[in-house]
Amino acid sequence: MIYEGLAKYYDDLVRDDEATVKWVQFVQKYCQNKKVLELACGSGEISNKLREVGYDILATDFSSSMIECLNHKYPQVKTAVMDMRDFSIDSKFDGVLCFCDSINYLNSLDEVKMMFKSVLSCLNDDGVFLFDMHTIDRLEEFSELYIEEGELDVPYQWTIQSIDDQIHQHFAFFEDDKIIQEQHIQTVFKYEDIKELLNQYGFDTEVFTDFDLVGEQQGEKWFIVARRRAC
């Protein structure tokens, strides 16, 4: 399972405090009501910052190892192990969040449909679904093999390459007695396809590029504001 071996190195490898502030500001701008559900929360940097600014947040992730890391760092944050592809939850939320291109871990538009159906089922009537995803430009960016090597607590290697409509990432951590390896595959979706599915599920959408550029532009991530349409 992905993020099991990677979990203990995750923060040292990818933690970005400046980006965390921007994600929190994005939520504050488009979801003023405070009860929120976060999908694919990872190690909880965004979750905890939202809690600190007054949000009542339930942070969830498919990886029990990531949730364990979050609980160790931020025991005040409410957590649950949950699969964002298909879930059912009794509570209703003002907002559902899914950041850090986590939606790209879904393998197909059919899985995206399942996720959107689950999100819709737990949103209040005026709720908002906020998420980001890779732009198509990322496929070109990683068309040639990217290799990063360095030292954390142990030496590591991180490689990234796009193949067709997917981004393949390989992580290797060279511990004293073993090598921990993980292979991650993300699917890059067209915004038009995502927008159409959101429309089918009753959402009105706005898109921004790299947090605050209005519209679908060149960049690294598209940020989607999907508001549940009034009945």
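Analyst: Two strands are taken as paired if DSSP finds at least two bridges between them. The model discussed here is predicted, so local features require pLDDT of at least 70 and side-chain atom pairs pLDDT 80 or more, whereas totals for chains, interfaces and linings use all residues. Residues are numbered from 1 along each chain as its sequence is written, and side-chain values use heavy atoms, without hydrogens and water.

User: What makes the eight strands an open sheet, and in which order do they lie?

Analyst: The order is β3-β2-β1-β4-β5-β12-β10-β11, and the pairing is mixed. Strands here are DSSP runs of E with at least two residues, and helices are runs of H or I with at least four, both numbered from the N terminus. The ends of the sheet are β3 (78–81) and β11 (213–214), each of which pairs on one side only.

User: What describes the passage of α5 against α7?

Analyst: The axes of α5 (residues 109–122) and α7 (residues 191–200) come within 10 Å and cross at roughly 40°. The crossing is right-handed, the term for a near helix turned clockwise from the far one by less than a right angle.

User: Which residues make the contact between α5 and α7?

Analyst: α5 contributes Leu109, Val112, Lys113 and Phe116, while α7 contributes Asp193, Ile194, Leu197 and Leu198. Six of these contact residues are nonpolar, none is polar and two are charged.

User: Which residues touch the most other members of the largest nonpolar core?

Analyst: They are Leu39, Phe129 and Phe131, in a core of 30 residues. Two or more residues come from each of β1 (35–39), β4 (93–98), α5, β5 (123–134), α7, β10 (203–209) and β12 (221–228), and α5 gives the most, with five. Beyond four places in sequence, phenylalanine 129 contacts Val96, Cys98, Met115, Phe116, Val119, Leu123, Leu198, Phe203, Ile224, Val225 and Ala226. Another core of 20 residues lies apart from this one, with Trp23, Val24, Phe99 and Val128 among its members. A core is a set of buried Ala, Val, Leu, Ile, Met, Phe, Trp, Tyr and Cys residues joined through side-chain atoms within 4.5 Å.

User: Why is aspartate 132 called buried?

Analyst: Buried means under 20% relative accessible area, exposed over 50%, and partly exposed in between (1.4 Å probe, protein chains only). Aspartate 132 has a value of 0%, and is therefore buried. This residue is found in strand β5. Not counting residues up to four places away in sequence, aspartate 132 touches Trp23, Cys98, Phe99, Cys100, Asp101, Ile103, Lys221, Trp222 and Phe223.

User: Why is aspartate 101 also given the term buried?

Analyst: Its relative accessible area is 12%, which lies under the 20% limit, so the term applies. Aspartate 101 is found in the loop between β4 and α5. With residues up to four places away left out, aspartate 101 touches Asp132, Met133, His134, Gln186 and Lys221.

User: Why does asparagine 48 count as buried?

Analyst: Asparagine 48 has 5% relative accessibility, which is under 20%, and so counts as buried. This residue lies in helix α3 (residues 45–52). Beyond four places in sequence, asparagine 48 is in contact with Tyr74 and Val77.

User: In which order do the strands of the four-stranded sheet lie?

Analyst: The open sheet has the order β6-β7-β8-β9, with antiparallel pairing. Its edge strands, β6 (146–151) and β9 (179–187), each pair on one side only. Nine bridges join β8 (residues 166–174) to β9, and histidine 168 stands opposite isoleucine 185 in β9.

Notes: Axes fitted to C-alpha atoms, helices over the stretch in contact; angles between N-to-C directions. Contact = heavy atoms within 4.5 Å. Nonpolar A, V, L, I, M, F, W, Y, C, P; charged D, E, K, R; others polar.
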